[in-house]
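This briefing is for a reader who is new to the structure shown below. Please look through the sequence and the model before reading the points that follow.

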Amino acid sequence: SSVFSAIEMAPRDPILGITEAFNADTNPAKINLGVGVYYDDNGKVPLLACVQKAEAILIEQAAPRTYLPIEGLATYDKAVQELVFGADSAVIQEKRAVTVQAIGGTGALKIGADFLQRFAPGAQVYISDPSWENHRALFESAGFKVNNYTYYDPSTAGVNFAGMLADLKAMPAGSVVLLHACCHNPTGADLDADQWGQIISVITANGLIPFLDMAYQGFGAGIAEDGAVVRRFADAGGPLLISNSFSKSFSLYGERVGALSVVASSAEEAARLLSQLKRVVRTNYSNPPVHGGKVVSTVLTTPELRQLWEDELAAMRVRIKEMRNAFVQKLKQKAPSKDFEFVNKQVGMFSYSGLTKAQVEALRAESIYAVDTGRICVAALNSKNIDKVVDAIAKVL
Ligand code: PMP
């Protein structure tokens, strides 16, 4: 027997498991609400026009594929900083923010986790209950103990804010608190501006390290509106880490474009942090890929393409909101005994629908696939499939 012969099968990814079952279903009318991807009204993943135009420019340039710097494309890192912090941000002007291009939002979280493990090795990490299913595994694999803080309140399908605040107050100084900047995945339940203010006060007063994960900027209230929370944290002073992703907002999932930004207390400290972030990147994959970063930086820095992107992102945001409302109104007709109005209050691509595991299983018999927790992807609903989904839900309630 070899060193490999005793290795056990790793647990299956719960979301990919749904996709496998969906793919195996031969019903042509099957609907997958288990995904984490935005679909347009025709049920297709869009290729944004701004991306196509940027790619045409890049093909025209026919640039050689040299290595990027370890921290990524300079124009990309600068454009990301301005998007995340706001172009007039004090942390940019004072050179206190450093940004490294990353392999999607996941890669950004991993760089951040490895960096924190090196410089805050004893820290505990806290994630929301529930959270994106990869958060725990990612920080555990970087060597951290990962705990939950209270977040979701099933009785309101919103945030248990008193519970969350109490848990934050009880965390030891130096703990890392992972927060979803907007469009909480999986629940769709976000904090309001006043609640964020209270969270920032506790984090600052108790010496906690905030790590904001922003995978859906522009899917909530708007690009600047969703980024406002990052600016408020930055104004409160460092330390602060932000991972952001363009997978959803540019519909560039497979290109793996994201970034990690870190706020330091001085320009001199920032330079030291950047040198250490580069070390993390260098020892993992040396330097990031070229294409996605060039597409995004071309769009963000070319005024017409930038406007086109903002319009296309707004259209995705509006369509999701329309689907939320159609879902609520249609269920009011078909299932008046249960109030789904909370779905209109939730934001982003997902909704904790309140469906139980048994109800999700019953939906599957109708070839409608959702996550066992009741999470549905509202962005997978469209004008053609929504009636079938609503009828099936009314039947299983
Ligand atoms: N954070 C959250 C909250 C997410 O939902 C996702 C993507 N589903 C990510 C990070 C990872 O983003 P990416 O696909 O760009 O790695």
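Helix H9 (residues 223–235) lies across strand E8 (209–214), E9 and E10, and runs at about 160 degrees to E8. The model described here is predicted. Helix H10 (residues 267–284) also packs on the sheet, where H10 touches E2 and E10. The points below take the sheet, the helix pairs, the ligand and the loops in turn.

**The sheet and the helices on it**

- The sheet is open and is formed by 7 strands in the order E2-E10-E9-E8-E7-E3-E4, with mixed pairing.
- Strand E2 (97–103) and strand E4 (145–150) are the edge strands, each pairing on one side only.
- On average, neighbouring strands of this sheet are turned by 25 degrees against each other, direction ignored.
- Strands of a sheet pair through backbone hydrogen bonds, either parallel or antiparallel.
- Strand E9 (residues 240–245) and strand E10 (residues 257–263) run antiparallel and are joined by 6 bridges.
- Opposite Ser261 in E10 stands Ile242.
- The direction of H10 makes about 15 degrees with that of E2, and E2 is one of the edge strands.

**Helices H7 and H8**

- Two packed helices are described by the angle between their axes and the distance between the axes.
- Helix H7 (residues 161–169) and helix H8 (residues 193–205) have axes that come within 10 Å and cross at roughly 10 degrees.
- H7 is therefore roughly parallel to H8.
- The crossing in which H7 passes H8 is right-handed.
- On the H7 side the contact is made by Phe161, Leu165, Leu168 and Lys169, and on the H8 side by Gln195, Gln198, Ile199, Val202 and Ile203.
- By class, the residues of the contact of H7 with H8 are 6 nonpolar, 2 polar and 1 charged.

**Helices H2 and H12**

- Helix H2 (residues 49–61) packs with helix H12 (residues 303–334) at an angle of about 155 degrees, and their axes are 8 Å apart.
- H2 and H12 are therefore roughly antiparallel to each other.
- From H2, Ala49, Cys50, Lys53 and Ala54 meet Leu305, Leu308, Trp309 and Glu312 of H12.
- The contact of H2 with H12 has 6 nonpolar and 2 charged residues, and no polar ones.

**Helices H5 and H6**

- Helix H6 (residues 133–141) and H5 pack at an angle of about 35 degrees, with their axes 9 Å apart.
- H5 passes H6 in a crossing that is right-handed.
- Thr106, Leu109, Lys110 and Ala113 of H5 make the contact with Asn134, Leu138 and Phe139 of H6.
- The contact of H5 with H6 has 4 nonpolar, 2 polar and 1 charged residues.

**The ligand**

- The residues that surround the ligand are Gly36, Gly104, Gly105, Thr106, Trp132, His180, Asn185, Asp213, Ala215, Ser245, Ser247 and Gly258.
- This shell divides into 2 nonpolar, 9 polar and 1 charged residues.
- The element that gives the most to the shell is helix H5 (residues 104–119), with 3 residues.
- Thr106 is among the residues around the ligand and is also part of the contact of H5 with H6.

**Loops and backbone geometry**

- Most residues other than glycine have a negative phi, and most peptide bonds are trans.
- Asn185 and Pro186 are joined by a cis peptide bond, with omega about 20 degrees.
- The loop between strand E7 (176–180) and H8 holds Pro186.
- Cys183 is not a glycine, although its phi is positive, at about 55 degrees.
- Cys183 is placed in the loop between E7 and H8.
- A cis peptide bond also runs from Gly238 to Pro239, with omega near -10 degrees.
- Pro239 lies in the loop between H9 and E9.

Technical notes:
Residues are numbered from 1 along each chain as its sequence is written. This is a predicted model: local features need pLDDT of at least 70, side-chain atom pairs count only at pLDDT 80 or more; totals for chains, interfaces and linings use all residues. Axes are lines fitted to C-alpha atoms, for helices over the stretch in contact, and angles run from 0 to 180 degrees between N-to-C directions. Helices (H or I, at least four residues) and strands (E, at least two) are DSSP runs, numbered from the N terminus. Angles under 35 degrees count as roughly parallel, over 145 as roughly antiparallel, 65 to 115 as roughly perpendicular and the rest as oblique. A crossing is left-handed if the near helix is turned anticlockwise from the far one by less than a right angle, and right-handed if clockwise. Two residues are in contact if their C-beta atoms, placed from the backbone, lie within 7 Å. Ala, Val, Leu, Ile, Met, Phe, Trp, Tyr, Cys and Pro count as nonpolar, Asp, Glu, Lys and Arg as charged, and the others, Gly among them, as polar. A residue is near a molecule or strand if its C-beta atom, placed from the backbone, lies within 6 Å of it. Two strands pair if DSSP finds at least two bridges between them.
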